[in-house]
Amino acid sequence: MSTAACAGVRPDSAHPWVATPATIVRIDQEVPGVATYYLELCDEKARSDYRFQPGQFNMLYLPGAGEIAISVSGDPAAAGPYAHTIRRAGNVTGSLWQLKVGDKLGIRGPFGSGWPLGECQGRDVVLVAGGIGLAPLRPVIYSLSKWENELGRRVLLCGARSPETLLYHSQYLQWIEAGWQVETTVDRASPDWNGHVGAVTLLLERLRSVDASRAVLFCCGPEVMMKFSAMVALRRGWSADRIWISMERNMQCAVGWCGHCQWGPAFICRDGPVFRYDRIAPFLDVPGL
Amino acid sequence: MAGELADSSSRKKEALFANREEFARIVPLLRERGYAVIGPTIEQGAIVYAPIDSVEQLPIGWTDRQEAGMYRLERRADDAWFGYVVGPFSWKQYLFPPHTKMSESLLTAEGWEFRAVEDDAPMYAFLGVRACDLAALAIQDRVFMNGPYVDPVYEKRRRRALTIAVNCTQAAPTCFCASMGTGPHCRYGFDIAVTELSDGFLLEVGSERGEEIVSGLATSAATELQMAEAHQRRARAVAQITRKLDTHDIRNVLLSQLEHPRWQHVAERCLSCANCTMVCPTCFCCSVEEVADLAETRVERHRSWDSCFNWNFSYMNGGIVRQDIRARYRQWLTHKLASWIDQFGVSGCVGCGRCITWCPVGIDLTEEVAVIRGEAT
Amino acid sequence: MAEKPRLAVLKFASCDGCQLALLDLEERLLELGESVEIAFFLEASSRIEPGPYDVALVEGSITTPHDKERIHEVRRQSRFLITIGACATAGGIQALRNWADHEEFLRAVYAQPQYIAALEKSTPISDHVRVDFELRGCPINPSQLYEILRSLLHGRRPRTPAHSVCLDCKRRGTVCVTVARGIPCLGPVTQAGCGAICPTYDRGCYGCYGPAAQPNLVSLTSHLISTGVSQQEVVRTLRGFNGYSPEFRAESDRLAPP
């Protein structure tokens, strides 16, 4: 599998296992159980060297609790601090949850392949996000909102369990103003919800504003949702080599050494997390791979 | 040149001969130059690689009898120094150690301070590296040194290590290096290569560092007769290799058979105990754990060998990905023989046979592959 | 935490060895004393503070009618209940009586068996009350206990490694006693935690830490029997300190139906 050429510039560290200190400068509560942590690298040189590509991730380290891979969810063009949207799930995120503004933690990164923005050139772009899967896609929204080259239609299809768990919903208006068509759907509607109910793949099914034959699809969410989104896209006329998905597995080293994130022929950390669909499609169908 | 890995393939030096007494001096010679000499020696009922300070600690006059799930030491009829194949250890013990303290974190008034831990391993001289293990070293080089990131522990140890290879003059029934194209003849990646003869050793120099060591021994140019004996002995090893693994198109064959019924068949026998991955000279999976005081103000990160056979190795928030032994054995075998090629450009298997011998229930990967290929039932 | 969490160490049918493992923490015990209030620990102090307790470490199995009642009171008094050791998690070596006539044992051991109130079976704590975490071992590993308490003090869910003893043998450079010397060993199906002590001293693993995750016992015992180990010997090996754990029990019962 070819590694996507999306290497970012990482904090200057002679030792790939050793973290660089960072300070939490802001915490935004997003939706229940999800918050965005804005991290500023403490070291000045590390700060000025740091760049990331949309879709890449950092390893956040809390000594004692451990490390966790979190995608960078902010604007790649901004010089920092760097946004990391985190869902409280396990031991490490639980410990992160106890931190306050001003607290410090460790950071390594960025790692992995990013979304291939170059492929969007002159094409319609559809982003399909499920739940917190919108976090790794948000840098794409920022980047394509100020895209200066030729671009077709820009569509964001967003699914969540319920209306109150639609991530970043306060920004949707901004994105619409920047030219995005934003469609949302929820699994379980509340009484005041007037929007779509059902899987996000339904939005993709019904999407008529883009020319599937020349559109690009970036998809991030639960594995089964990405699999079905790709199936729908193929049926709608997308070419398999214009679909990208972002995979998730446990990661410990982030550099292809520890073996934890292996998936078929790939290391998710090194060859992914963003994969072109046609290259990994057969493996999505194999349970327990 | 120090720090350069031996590239013996580019050297065409004539072979030299050293008698046993003279070759025995290589150990003190290496020690004088600051090397910690690691060589084969008998411990715990097996031939392992451990520090030695004299050739007398080699398993002189011993051999190993191996088959699937069985290893025994036996007396030889002669006093050969290298008359056995590979044992339960591999050189990865020394380059990618089972436990490593990787970093330290200290909570100060200014917040966390992160430090790398300086590795203080000695400069190793590996005596008795077989062809399969030379290939294994080259594979781990690709994993730890030749990608975009370099593992500092591995790299430092590896660049300083001196490699004295030994050509096999016999093979075990578990050996299949010939199928993997890695042996039994040592052709690259050594500083010195040795073939044991009836009355001494034929030496080939593979690097400047090797040359410097050999120049400290009294040697003579190998005679035609000695060369012929070396050739004959190496040919004996080739002839003794009976086990085969068909590597033709193996990547596609295995990755297209992810739902083959044989995976369930092997899962019924496999203990998922991780022994195969531990004895494998190329397996590199590891886990990192936090070692801390109760207040968590001084924290160390320790890296330890781990294995894809461990039930929770694939743990993530959504649960455990490889939930049964079938999925875990499939992961190991397809990674070793197929997806390794995608990841590192070579197979992860060198045909040393350790995983066959040291499987407590004698599972043989060559047999599993043959069945998946449809060649056996 | 503003107030120190209160720790209790409680005993049921057991040898006290796991409680002693806590004392084996030595200087780390002092560190523990700074972080928690040791409210009930008869091995260390006769001072008894009443419950409730934040963390209860429960040693021993349930073997008497009185203990069968008492464990419910312990559960009521404990926020986080951890069983420590093979007795508390699997019934212990005393669960060997579960395969025998305990009345006969009583008569053989005690001069006045009528004064002994003992249950027919020795059972793990989890058979009686909800258990929040089971720490394996006969005895437990003090370092694992320390790690568990560290996790709890920082509000994290404790975890202990679920891998086999084999992994630890290889990590410490111990040559496989089964493959190299034909010694029957439960290592491949036993959870690590002891540091692979027995194989390092030339013996097979006794299974002190109980079954590893998804142990393939049928394969191991079939292989042992095929290499000449008697079925009786295999059953005896399985019926050890963790013989009454569901996995080991099922396999020994398969080989020797009760």
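These legends go with a few close-up views of a predicted model. Residues count from 1 along each chain as its sequence is written, with chains lettered from A and ligands numbered from 1 in the order in which they are written. Since everything is predicted, local features need pLDDT of at least 70 and side-chain atom pairs count only at pLDDT 80 or more, while totals for chains, interfaces and linings use all residues.

**View 1. Where chain B meets chain C.** Here 36 residues of chain B are in contact with 29 residues of chain C (contact: C-beta atoms, placed from the backbone, within 7 Å). On the chain B side, α11(B) gives the most, with 3 residues (helices are DSSP runs of H or I, at least four residues, and strands runs of E, at least two, numbered from the N terminus). That side divides into 20 nonpolar, 12 polar and 4 charged residues (nonpolar: Ala, Val, Leu, Ile, Met, Phe, Trp, Tyr, Cys and Pro; charged: Asp, Glu, Lys and Arg; polar: the others, Gly among them).

**View 2. An open sheet in chain A.** Seven strands line up as β10-β9-β8-β7-β11-β12-β15, with mixed pairing (strands pair if DSSP finds at least two bridges between them). The edges are β10 (196-197) and β15 (274-276) of chain A, each pairing on one side only.

**View 3. β7 beside β8 in chain A.** Strands β7 (124-130) and β8 (154-160) of chain A run parallel over 6 bridges. A:Gly130 has A:Gly159 of β8(A) as its bridge partner.

**View 4. Around A:Leu127.** Leaving aside neighbours within four places in sequence, A:Leu127 is in contact with A:Leu137, A:Val140, A:Val155, A:Leu156, A:Leu157 and A:Phe218.

Key:
Contact = placed C-beta atoms within 7 Å.
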